[in-house]
Amino acid sequence: MMPTAQHERNDQVEADRSSDTRARPTVLELRHVTCAYEAGRPAITDISFSVREGEILCLLGPSGCGKTTTLRVVAGFEPVISGEVHLEGKLVSSPGLLIPTEQRRTGMVFQEYALFPHLRVVDNIAFGLQHLPQNQRAAHVCTMLELIGLTGLERRYPHELSGGQQQRVALARALVQKPVILLLDEPFSNLDPDMTGKMRQDLHDLLTRTNTTAILVTHDHDEAFAMADRVAVLNNGCLEQFDTPEAIYHTPSTPFVADFVGQADFIPGVVENGKVLTEIGEFPNQVGYQGGAKVVVMIRPDDVHIVPAENCTARILARQFRGSENLYTIGLPSGHVVHSSEASTSVYPIGTPVELQVIATHIVLFEQETVSRANT
Ligand code: ADP
Ligand code: MG
């Protein structure tokens, strides 16, 4: 489905980004996993992906798409009705088999942190270390406190900490057990928006420094792109794409992914003489659709440039100032719209006729049928 040049570019990105993790062993593998809370109504269907040692994988998708369920399956809280889960090369879940959570050594950080309110920071962190002698426990906790930057607050109770500090304690409590894989369910959703940027960076540093393998669940594509080595996009319980953030953004494999991870416009076209003809110009038929095929060209605002020009039929319908850019909505004679991202200093009045310049190397083609299906 993807154009060849794009494939090569994504391979390059993958090589640059993950040159160190690509050669590493696989820690977790899901093979065709289906899980249902109620018979006949699977919450996730036929999910397959793998996570390598030290890798951060983001599970991305809208509310209710099955992200938490996927984590619960990995942690061993939910059985599978078909498929297999392998952790460190061992089969831990299959129909009729459910290796218990405590034997999986997965660490979990929940949305609401779930700290023990009656325990001080130090005892929250040490909670899972009962099996160790007192002095070893204290040493582990001390290292963790330093690592998460909370030294000095160890005698406090959870209610005496900010949301961000509570989250660090929850992280420390999971990490101190040296989990095989750390599972983080929307860990930033309870934080103030202006704190999340810093917390993302801190968490990324912490996971990298400790070489922790992690799955982070989020419904926010910016967060997934900022954190992940690879992203798995879920929709309605199904895995739509599993790829690097760059490939997910530039070469989405379905219209749903295209739309979910950023502003996307879909312009209908038809294949003629080896080209895709649309009302905003001709594009290469990269995928090799047959002549006469009805397709849709997906374009992102960063690939559309506008130049005010007399006698043009496209017009500016709206401008949204976004600080670093102006996002223009352009109306086409057919009634379709495209968006264009322009410099924050490029200000044109509403109604201005404009010529569209589209960077054809970034476009992605879908069959018209798949787009109308996704929109229903
Ligand atoms: P997400 O975390 O992506 O928001 P979930 O994994 O929580 O999605 O839910 C996936 C689907 O499973 C949803 O349709 C949800 O209503 C359903 N579901 C989740 N938990 C339960 C449960 N305990 N019992 C029944 N259905 C559930
Ligand atoms: Mg959830």
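The model is predicted: local features need pLDDT of at least 70, side-chain atom pairs count only at pLDDT 80 or more, and totals for chains, interfaces and linings use all residues. Residues are numbered from 1 along each chain as its sequence is written, chains are lettered from A and ligands numbered from 1 in the order written, and side-chain values use heavy atoms, without hydrogens and water.

**Stop 1: ligand 1**

Select ligand 1 and the residues around it: Tyr37, Glu38, Ala43, Pro62, Ser63, Gly64, Cys65, Gly66, Lys67, Thr68 and Thr69. Each has a heavy atom within 4 Å of the ligand. Strand 1 (26-38) and helix 2 (67-75) each supply at least two residues of this shell. Helix 2 gives the largest share, three residues. Helices (H or I, at least four residues) and strands (E, at least two) are DSSP runs, numbered from the N terminus.

Now show the ligand's oxygen atoms. A backbone N or O atom of Gly64 lies 2.7 Å from one. For a backbone N or O atom of Gly66, the distance to a ligand oxygen is 3.0 Å. The side chain of Thr68 places an N or O atom 2.8 Å from an oxygen of ligand 1. On its own, ligand 1 has 560 Å² of accessible area (Shrake-Rupley method, 1.4 Å probe). The protein covers 57% of that.

**Stop 2: Thr212**

Go to the loop between helix 6 (193-209) and strand 9 (214-218), and pick Thr212. Is Thr212 buried or exposed? It counts as buried, because its relative accessibility is 7%. Buried means under 20% relative accessible area, exposed over 50%, partly exposed in between (1.4 Å probe, protein chains only). Leaving out residues up to four places away in sequence, Thr212 touches Gly54, Glu55, Leu175, Leu182 and Leu207; contact means heavy atoms within 4.5 Å.

**Stop 3: aromatic rings**

The structure holds six aromatic pairs. Ring centres must lie within 6.5 Å; planes under 30 degrees apart count as stacked, over 60 as edge-to-face and the rest as tilted. Select Phe116 and Phe127: a tilted pair, 4.4 Å centre to centre, with 45° between the planes. Phe116 is partly exposed at 25% relative accessibility, and Phe127 is partly exposed at 39%.

Next, take Phe256 and Phe260. Their planes are at 15° and their centres 5.5 Å apart, so this pair is stacked. Both lie in helix 9 (residues 255-260), about one turn apart. Phe256 and Phe260 are buried.

Notes:
Polar contact = N/O pair within 3.5 Å; in protein donor to acceptor, adjacent residues only side chain to side chain.
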